[in-house]
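Welcome! Please open your viewer and get ready to select a few things one after another.

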Amino acid sequence: MVELTSTTQGDLINLASNGLAKVGDVIATEFQSDGRGRLDRKFEAPTGSALLFSFFIKPKRQRDDWGWLPLIAGFCVAKSLHAFHATLKWPNDILINQKKVSGLLAQVVGDGVVIGIGINVAMEKNELPVESATSLLLEGCVDMTRDELLCEILEEFEDHFTAWDQGIDEVQSLYRHLSSTLGKNVRVEYPGGVSHLAVAVEISDTGALILDDGVHVQAADVIHLR
Ligand code: BT5
């Protein structure tokens, strides 16, 4: 646990790149001055208002399957927030009432992966960084501490990741069950500005989003349409 840093994700990636990270290492912080989102975006939260952490794992499964890792992490966050009916927006967002309460990213470093998770816990409405965000406090959660939530998520992840890493593919169907993307009309926005409309129908064995026109989306943003 550190009081403040630029980014827990960058810190742990640096350690892992230099062979200084052990499997299961976790860095959590009260504040990040340069919290990372995907694709050079930012994840912002006022001091003490969010659970912000990164952890290091070394999967044994073949790399082709690693696309499932952020989905498994997202599933574990959503499961830990089941009391608030949290759902999963492919690929990496956790929503409550269709608003983003948590985002995460997974980055490969050598033969390991650093997973970084941010959850808006105690943010007031005027502290939300974007209109499409929410926090546990705003959704009525007043009695879950960040420590409790961190422990719960790491325990869930250990269970589901270990099973998956041993070849048990049960988490995929559990993920589908909590997905708010499957069955929806979506606009898929690819890096570079190209987008297209379709219905999201399935998640593939590699973690890609399958659309009703047969396209497999490996990396993109998805907007849920009404
Ligand atoms: C993510 O990226 O949502 C991944 C966020 C991962 C953050 C964790 S915190 C611990 C670890 N250390 C780090 O440095 N990062 C990880 P993406 O899907 O690209 O979403 C980023 C977008 O979400 C931004 O462009 C904003 O629109 C929005 N956003 C920023 N901060 C937010 C917040 N606190 N809550 C909800 N949305 C937010």
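Predicted model: local features only at pLDDT ≥ 70, side-chain atom pairs only at ≥ 80, totals over all residues.

Residues are numbered from 1 along each chain as its sequence is written, and side-chain values use heavy atoms, with hydrogens and water left out.

**Stop 1: the shell.** Select the ligand and the 28 residues around it; Thr-7, Arg-36, Arg-41, Lys-100 and Asn-120 come nearest. Here, being near means having a heavy atom within 4 Å. Colour the shell by type and you will find 10 nonpolar, 11 polar and 7 charged residues. In this grouping Asp, Glu, Lys and Arg are charged, while Gly is among the polar ones.

Stop 2: Now show the side chain of Lys-100, which has an N or O atom 2.7 Å from an oxygen atom of the ligand. Next, pick Arg-41: one of its polar side-chain atoms lies 2.8 Å from a ligand oxygen atom. For Gln-32, look for a side-chain N or O atom 2.9 Å from a nitrogen atom of the ligand.

**Stop 3: Gln-9.** Move to helix 1, where Gln-9 lies; helices are DSSP runs (H or I, at least four residues) numbered from the N terminus. Is Gln-9 buried or exposed? Gln-9 counts as buried because its relative accessibility is 3%, and buried means under 20% relative accessible area (1.4 Å probe, protein chains only). Finally, show two partners of its side chain: a polar contact (a pair of N or O atoms within 3.5 Å, one able to donate a hydrogen and the other to accept it) of 2.8 Å joins Gln-9 to the side chain of Ser-54, and another of 3.0 Å joins Gln-9 to that of Gln-107.

Key:
Helix = DSSP H or I, 4+ residues; strand = E, 2+ residues; numbered from the N terminus. Buried < 20%, exposed > 50% of the residue type's maximum accessible area, 1.4 Å probe, protein only.
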